[in-house]
Amino acid sequence: MPQRVVVTGIGIISAIGFDTKGVIDSLLAQRPGIGRLSHIDSMYRDEIPVAEIAATNDELLQLANPGISGNYSRTSLLGIIAAKQAIADAHIELSAPCRTGLISATTVGGMDRTEIFYKGYLANNKKGRLRNVVTHDCGDSTEKIADCTRIKDFITTINTACSSSANAILLGARLIGQGKLDRVLAGGVDALTLFTLNGFNSLMILDRNACMPFDENRNGLNLGEGSGFLVLESEETAIRENKKIYGLVKGGGNACDAYHQTASSPEGQGAFLSMQLALAAAGLAPEEISYINAHGTGTKNNDLSEGVALERIFPSGVPPFSSTKSFTGHTLGAAGGIEAVLSILALQHQWIYPNLNFVTPMNELGFAPVTTFITDRPIRNIMSNSFGFGGNNSTLIFSRY
């Protein structure tokens, strides 16, 4: 019989808080982290709002306190901070006889350092410091997190665009469920870079104002940065070590509609399949979902596609849902990890987050997101959606323990 997988630790850093307490304070105050770009020298500094973490790389280095000398990208530092929080929260003792893995997701990798290299390279007669590019690949941040947390049994990196962190958690749960590992630190991290800012701007899907997920007048997303990690453990290990248990990873699903390089299918086929697979894996009926943390980027295409898929998967009525990207921005490869942490907090505190900036229901949909902070209804099962470019769609379901 497969092992049940539980969550025993959480860690997060984002534009709305440097840790769980800071994030909760911002959520309760309905205070978003979206504002002016400060730490990147961009021509769009005053034009394109972002959800940036209010700290320089030097300040993040002090906060991360890696204890190991080396070249650290902003991505690595953010990942180390959230990973250390999750491990401390789970009271993990790595000397214990447990097989421990690390599955970290990212799409940007150490690109912020690469941009520094090229700026100097072009300005200095094509000479640059190679130390600024050795952190470029996505696996570098994973290795840095592994070194700082001393995890050695299993280490891998996932990059499936904006579903990356959700897939990291899915893989971690699967490895534990199949008895391959006893516990896994799973999640992801991404930092803001010129490459992503300019790239998404070229796609013409960045809003010049605060994003409005699922609003008829939505006009694009706000990029963000941050990191979110969960400590997953087999129920047997958690009980044996008398761990605090936040909840169950009840099920998950991954599907690819392969419709377009960046756009979601009009029928929401990939989203529908991932939610359908997640419900089947969790052994739940659609009406048993208490709340949906939607992907909800705020783009014309995504919100309509996800909305259509929600109508298909919940024919008797869509449960309360909202997009927390209206707080954190779209953190790309980190989104699934950050939103998994927010889902666990929602389970723990029994609340539903508001969808900020919502005004007008979409003409094509017969339902709308939650716009107030709800604390007066039982939350048993939470569905968290993460959909990526290329049609890679993932859904996680977390349940009360």
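**Aromatic pairs in a predicted model**

Biologist: How many aromatic pairs does the count come to?

Modeller: Rings of Phe, Tyr and Trp (its six-membered ring) pair if their centres lie within 6.5 Å. By this rule the count comes to seven aromatic pairs.

Biologist: Is the pair of Phe200 and Phe389 stacked or edge-to-face?

Modeller: Planes under 30 degrees apart count as stacked, over 60 as edge-to-face and the rest as tilted. Phe200 and Phe389 lie 5.7 Å apart centre to centre, with 25 degrees between the planes. The pair is therefore stacked.

Biologist: What is the basis of these values?

Modeller: This is a predicted model, in which local features need pLDDT of at least 70 and side-chain atom pairs count only at pLDDT 80 or more, while totals for chains, interfaces and linings use all residues. Residues are numbered from 1 along each chain as its sequence is written, and side-chain values use heavy atoms, with hydrogens and water left out.

Biologist: Is Phe200 buried or exposed?

Modeller: Buried means under 20% relative accessible area, exposed over 50%, partly exposed in between (1.4 Å probe, protein chains only). Phe389, at 30%, is partly exposed. Phe200 has 9% relative accessibility, so Phe200 is buried.

Biologist: Which aromatic cluster includes Tyr291 and Tyr353?

Modeller: Tyr291 and Tyr353 form an edge-to-face pair, 6.3 Å centre to centre with 70 degrees between the planes. Both Tyr291 and Tyr353 are buried. The cluster consists of Tyr291, Trp351, Tyr353 and Phe373.

Biologist: Which residue lies over the face of Phe272?

Modeller: A charge sits over a ring if NZ of Lys or CZ of Arg is within 6 Å of the ring centre and within 35 degrees of the ring normal. At 4.0 Å from the ring centre of Phe272, the residue is Arg312.
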